[in-house]
Amino acid sequence: MDKEADLFYRQIPKVELHAHLNGSVSFATMEKLIARKPHLNIESSRTAIHSGQRRSLAECFQVFKVIHQLVDSEEDILMVAKAVIEEFAADGVKYLELRSTPREETKTGLSKRRYIETILEAIHQCKQEGVDIDVRFLVAVDRRNGPEVAMETVKLAEDFMLSSDGVVVGLDLSGDPTVGHGKDLLPALQRARNCGLKLALHMCEVPSQKEESELLLDLPPDRIGHGTFLHPEVGGSDSLVDKVRKLNIPLELCLTSNIKGQTVPSYDKHHFQYWYERQHPCVLCTDDKGVFCTDLSQEYHLAASTFGLSQEAVWSLSQQAIHCSFAPEALKQKLEQRWAELRPHTLH
Ligand SMILES: CNc1ncnc2c1ncn2[C@@H]1O[C@H](COP(=O)(O)O)[C@@H](O)[C@H]1O
Ligand SMILES: [Zn+2]
């Protein structure tokens with residue numbers, strides 16, 4: 001990609017709303033983790049999907065298993081979370097919603113509560129050190145773990161929402177979409193919603209989730225992750241699209257993730273086009289910048305070059321993302337002001 005254009009995408013202030021912590025670990029941090037745990041004998045080629053490579057979604061989930069082996073202590077989580085936040089800031093992200101699945105690791109004495117506390121500590125340290133980014137956290141539910149764990153996770157998220165000074169703002173539903181059924185998780189998600197947690201749910205990431213998506217949309221979620229197979233052209237339905245449009249639920253769209261995970265055949269076939277044309281709120285995101293070897297600037301660049309977006313249109317996309325975030329009103333206004341100040345220096 002040419003240098004001058006590249007600079008523009010780096011310089012525009014950005015909002016990242018869909019980033020899984022352990023999927024966002026950079027190559028450099030991964031090398032450090034591997035050096036800390038030589039006995040695991042893990043090669044860095046197993047922790048990322050490089051350019052030109054494709055994997056099935058199932059293989060992507062194997063990659064997360066490898067990464068989880070490398071990130072299993074309080075010390076690892078603190079390092080990884082700080083590095084990820086700093087990297088997003090260095091890429092021009094001014095507001096980040098990070099998400100992660102609390103894990104218990106008996107080997108290192110890590111509890112789920114401590115897991116979340118450690119991420120909050122990383123966020124706090126970055127703030128103290130003056131890293132130029134506001135960070136909020138979504139507690140993630142891995143659908144693979146079933147309804148009891150989901151409910152337990154929601155309770156934990158609820159506790160932290162009340163005690164984290166507004167840093168924990170919501171709940172994510174993620175994990176291998178081919179495992180389990182969303183209907184079993186409805187009571188947990190309903191509870192989360194009722195207690196004031198915002199819901200960002202992975203939906204229709206693979207075909208054949210129509211029935212599940214109908215149920216999840218009745219909650220309804222505050223944002224949708226991927227939504228790849230919502231529309232009728234790819235096997236979704238008018239009813240799903242109508243609901244999403246009526247409720248104006250923003251979509252978190254992750255181009256490279258969908259291409260490398262092979263749920264979308266090529267960039268030009270990405271459903272960004274379908275929703276963008278209909279002027280539906282779309283937010284470009286990275287999903288797993290480490291695993292998919294990307295960053296948010298690159299995702300903006302790819303969307304612009306694939307769909308012919310002007311610099312002005314790219315700017316609007318990043319600005320509109322502020323209003324799709326779960327930030328409180330005062331912070332949204334502060335970000336708006338930031339965008340207004342930076343605009344004359346960035347758009348020519
Ligand atoms: C590629 N598309 C995807 N679809 C669904 N879930 C995904 C995902 N990418 C990542 N995750 C979810 O995030 C976890 C890793 O980060 P954390 O350990 O939580 O920080 C994965 O184990 C999976 O549950
Ligand atoms: Zn995701």
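**Exercises: a zinc site and a helix pair**

His202 has 8% relative accessibility, so it counts as buried (under 20% relative accessible area; exposed is over 50%, partly exposed in between; 1.4 Å probe, protein chains only). The model is predicted: local features need pLDDT of at least 70, side-chain atom pairs count only at pLDDT 80 or more, and totals for chains, interfaces and linings use all residues. Residues are numbered from 1 along each chain as its sequence is written, ligands are numbered from 1 in the order in which they are written, and side-chain values use heavy atoms, without hydrogens and water.

**Exercise 1.** Find which residues coordinate the zinc ion (ligand 2).

*Solution.* 
1. Look for donors (N, O and S atoms within 2.8 Å of the metal, 3.2 Å for Na, K and Ca).
2. His18 (NE2), His20 (NE2), His202 (NE2) and Asp287 (OD) coordinate the zinc ion at 2.1 to 2.2 Å.
3. Their spacing in sequence is H-x1-H-x181-H-x84-D.
4. His20 is in strand 1 (residues 14–20) and His202 in strand 5 (residues 198–203), so this pair ties together parts 182 residues apart in sequence. Strands are DSSP runs (E, at least two residues), and helices likewise (H or I, at least four).
5. His20 also counts as buried, because its relative accessibility is 15%.

**Exercise 2.** Describe how helix 5 and helix 6 cross.

*Solution.* 
1. Take the axes of helix 5 (residues 112–128) and helix 6 (residues 146–163): they come within 11 Å and cross at roughly 40°.
2. List contacts (heavy atoms within 4.5 Å). Residues of helix 5, including Ile116 and Leu120, meet residues of helix 6, including Leu156 and Phe160.

Terms used: Axes are lines fitted to C-alpha atoms, for helices over the stretch in contact, and angles run from 0 to 180 degrees between N-to-C directions.
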